[in-house]
Every structure is written in structure tokens, then in C-alpha cells.
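The following paragraphs lead through selected features of the structure shown below.

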Amino acid sequence: VEVVGEETENKTATLVQTKLKDEFMAPAKLNKQQELIKKSTQLQNELKELELNFMEQVISELGAKRAVGLRAALLGDISVRGTGGLLMQIQDRPLSALFKNDKASSDDAEAGQKSLYVMKFPGDVQASQLNELREEVTAIVRNAQPGDEALVVLQSGGGTVTGYGLAAGQLVRLKEKGLYLTIAVEQVAASGGYMMSCVADKIVASPFAVLGSIGVISEIPNVYERLKEEGIEFQTVTAGKFKRTLTPTKKVTKEDKKKSEEDIENIFNLFKGWVKQNRPQLNIEEVATGETWFGPDALERGLCDEIKTVDDILLDYVDSGYNVYEVKYDPPPDVPSSLSFLFASDDEGPRMGYGQQDQSIGRRAIRWLVQSFADEFKSVLSDSRSLDKRYMARDETADRVRVSDDLYY
């Protein structure tokens, strides 16, 4: 009994000592655990910050849509992978390999691929291609996405101030939409053509393209003296001192000529201001002389930004991964060409207006058909016989064969 009691006493003393030791060490373990949790939280925050900084850089380079798709392709379910999964995936799978091999990422890249819209403007003196340009620009503005660009292949020696001023305004719509605008000059962009070109963010000219001719010209023949010799005099009645200045049939006066020169100078100043506004790097007084320069000389004076053909421009965009689209507006014909001859009279072209008694084959056929139906309808309404007898055969021999006493020799 004494031995058992002594052994029990020793065990009790050992348990007491262990318990006292645990109670003494507990605060130290707790503090260490809290420190580890704090450090772990700090590391997770740093990883989050690195991931967000990385995504910010990706967004600035690729755009928001592609960046979101890239993150989804790498992480999948963020709740499963946790913080830092993006950076660990990037370490194992570089972006270049990801874009080439990962299907989800490649699909997203295709969805966010940039586009280049190409238009052609072969301008004449009246800028008569303006209507087509307006429709093409509207189509691009309605469909373009952020990051898309526009390319205008321009060829024009200039023309009317109003026509080319409006054409330049159409190109401004592209820039207001946020599209980067490039104008490629294959042969000529002079006067009004350069008025349009200077709107672009970048002007590219072929080696022997002609650019410039920043100036205004007005010329009109005058046959007053000749008509006077023939005894012909034109009488022009106007209200307003300068309603008519220089005309072909009016005697030229110093006052009229001075007024016309002032008008030309005002237009010239507007032209120079427009070019200076859109290409501030130009020495406008040096180039606004009405002169023209070939590609390399134009590049030296700042009239263009690069010497390159249109073909190389398009290849560069294709190599950069752009979708390249040609935009062309084809207005619908007023009359189908295969049927237009039906509506042409003997001495005129097609006439489709109302209130005209033209003698075209198609019109005459339609009038005959309508008249036939009208006559038939009237005959039915005017027939007083009963319905059951109206469609029965009648013997009209008495009406068709008659005996006459008239003699014919």
C-alpha cells in the first residue's frame, strides 16, 4: 500500500508540473500563431496588389474585354484557386504561349481583335463622290469598336471650296468617334485634296505622289466686249451692292475686281487656318504658296508623315493582326436596268414621274390593261338582264345580217 501510494503521488506531481508548464507557455504560442496569421494576411494583400497591378498593365495594352477574358482563362473559378493564382499561372504559362495554345484565350483574342476600315475617295472637281463618302463614314461610325482604325485612299487635285470642305468635315466624324485616321495618297492630294488629307492623324504618300497646292483660285471668262461688238447687251437687276461682281456678261470694274480679290483672300485665310489647326507642326507660311511637292520633298516640309505605298500599309495592318474591311456604298438604281427600256419613250430616257403622258411601251401597256378592266366592269354594271340570262348565248343574227336596198357599184 505504501509503494502504490508513493507511485500515485509521483504521477500526480508530474501532472501538476506539466499543467503549470502548459499554462505558462500558452501565451507565447498564441502570440506566435497570431504573428503567423498577420504575416500570412500581409503576404496575401501583397499578392492581391501585384495581381491588380498586373491586370492594370494588361488592360492598358490589350483593352478591358481581352484582359477580363485572359484572367478568366488563367484563373477559372477564383474561389477555388484563391489569391495569387494568376501570378502562379503566369509563371508557369507565359502570355505568348497562352495566346497560341490556350483555346479560351484565343477565342477571347479573336473577339477583341481590332479592325481597319478602308475607303476610297477618287475626288473630282465637284467632289461628287461626297454622297458615297457620307454613307460610308456613317456605316463605320455606327459599327466601329474602341481601338478600330480607318484608312482613306485619297486621290484628288482639288475642286470647289464647299464640296471639299464638307468632305473634310465627314472625315472629322471619324476622329470624333475615336478612330485613328490614316490617309494614303497614291498620286495626288492637292488643294481641296490636301484640305481633306490634313484632317488625318497620319498622312502616308507614295514616293512620287504630289501634295500641297494650298491656295485658292477663281477664274471666269468675260465676253462683254465681244457681245458689245455684236450689239448684244445683258441687263442684270440686283438688290445689294455686291450681289454680282465678276460675271461673263458684265463689264469688269475696279470695284468689282477688288471685292472678288477680298473674297478670295478670306477663303485663303480660312484654308490656311484649317491646315494649321490640323497640322500644327507645319510652317504654314512656307507651304501655303500654292506650290506642290513630290513625296520626299513633301515629307521634308511636313506635308506628310511617311513614304510608303498603300499595299505595304495594308500588309502592315494584316501582320499586326487587324481585320481589314473595305467599305463601299453602292446606291440602289432608281429603275432596274433590265426593265428601264419599258419606261422609255421614243425620243427620251426613262420617265417615272406622275402627271406626265409619256408614250413609253410600259406605260401604254399599263394604261391599256387598266382601261380594259374598267370597260369590262362598266359593261357588267350596265347590263340590265337577270343574272341567269346574263351569261347565256344569244342569237344576234338579226342584228348582224340585214337586207338593204342600197346599191353599190
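In what follows, a residue is called buried when its relative accessible area is under 20%, exposed when that value is over 50%, and partly exposed in between. The model to which these terms are applied is a predicted one.

V252 is placed in the loop between helix 10 (224–229) and helix 11 (254–278). Together with I220 and L246, V252 makes a nonpolar surface patch of about 220 Å².

From the surface, attention may turn to the largest pocket, whose volume is about 760 Å³. Its lining consists of 32 residues, and those nearest the centre of the pocket are V216, I217, S218, I264 and I267. Helix 8 (161–176), helix 9 (192–197) and helix 11 are the elements that each give two or more residues to this lining. Helix 11 gives the most, with 10 residues. By residue class, the lining divides into 14 nonpolar, 13 polar and 5 charged residues.

The structure also holds 11 salt bridges. One of them joins the side chains of K175 and D201, with an N to O distance of 3.7 Å. This pair links distant parts of the chain, for K175 lies in helix 8 and D201 in the loop between helix 9 and strand 4 (202–205), 26 residues apart. K175 has a relative accessibility of 31% and so counts as partly exposed; D201 is likewise partly exposed, because its relative accessible area is 33%.

Within helix 10, R226 and E229 lie 3 residues apart, about one turn of the helix. Their side chains meet in a salt bridge at 3.6 Å, N to O. R226 is exposed, since its relative accessible area is 52%, and E229 is exposed because its value is 61%.

A further salt bridge is formed by the side chains of K272 and E285, at 3.6 Å from N to O. Here too the pair links distant parts of the chain: K272 belongs to helix 11 and E285 to helix 12 (residues 284–287), 13 residues apart. Which of these two residues is buried, and which is exposed? K272 is buried, because its relative accessible area is 15%, whereas E285 is exposed, with a relative accessible area of 54%.

Finally, a network of salt bridges links K202, E306, K308 and D316.

Methods. Residues numbered from 1 in each chain as written. Predicted model: local features only at pLDDT ≥ 70, side-chain atom pairs only at ≥ 80, totals over all residues. Heavy atoms only, no water. Patch = residues over 30% accessible without salt bridge, like charges linked within 9 Å, V, L, I, M, F, W, Y side chains within 5 Å. Areas by Shrake-Rupley, 256 points an atom, 1.4 Å probe, with all protein chains shown as cover. Salt bridge = Lys/Arg side-chain N within 4 Å of Asp/Glu carboxyl O. Helix = DSSP H or I, 4+ residues; strand = E, 2+ residues; numbered from the N terminus. 1 Å grid on protein atoms, 1.4 Å probe; cavity = no way out; pocket = protein on both sides within 12 Å on 5 of 7 lines; lining within 4 Å. Points joined across faces, edges and corners; volume = space filled by probe spheres on them. Nonpolar A, V, L, I, M, F, W, Y, C, P; charged D, E, K, R; others polar. Buried < 20%, exposed > 50% of the residue type's maximum accessible area, 1.4 Å probe, protein only.
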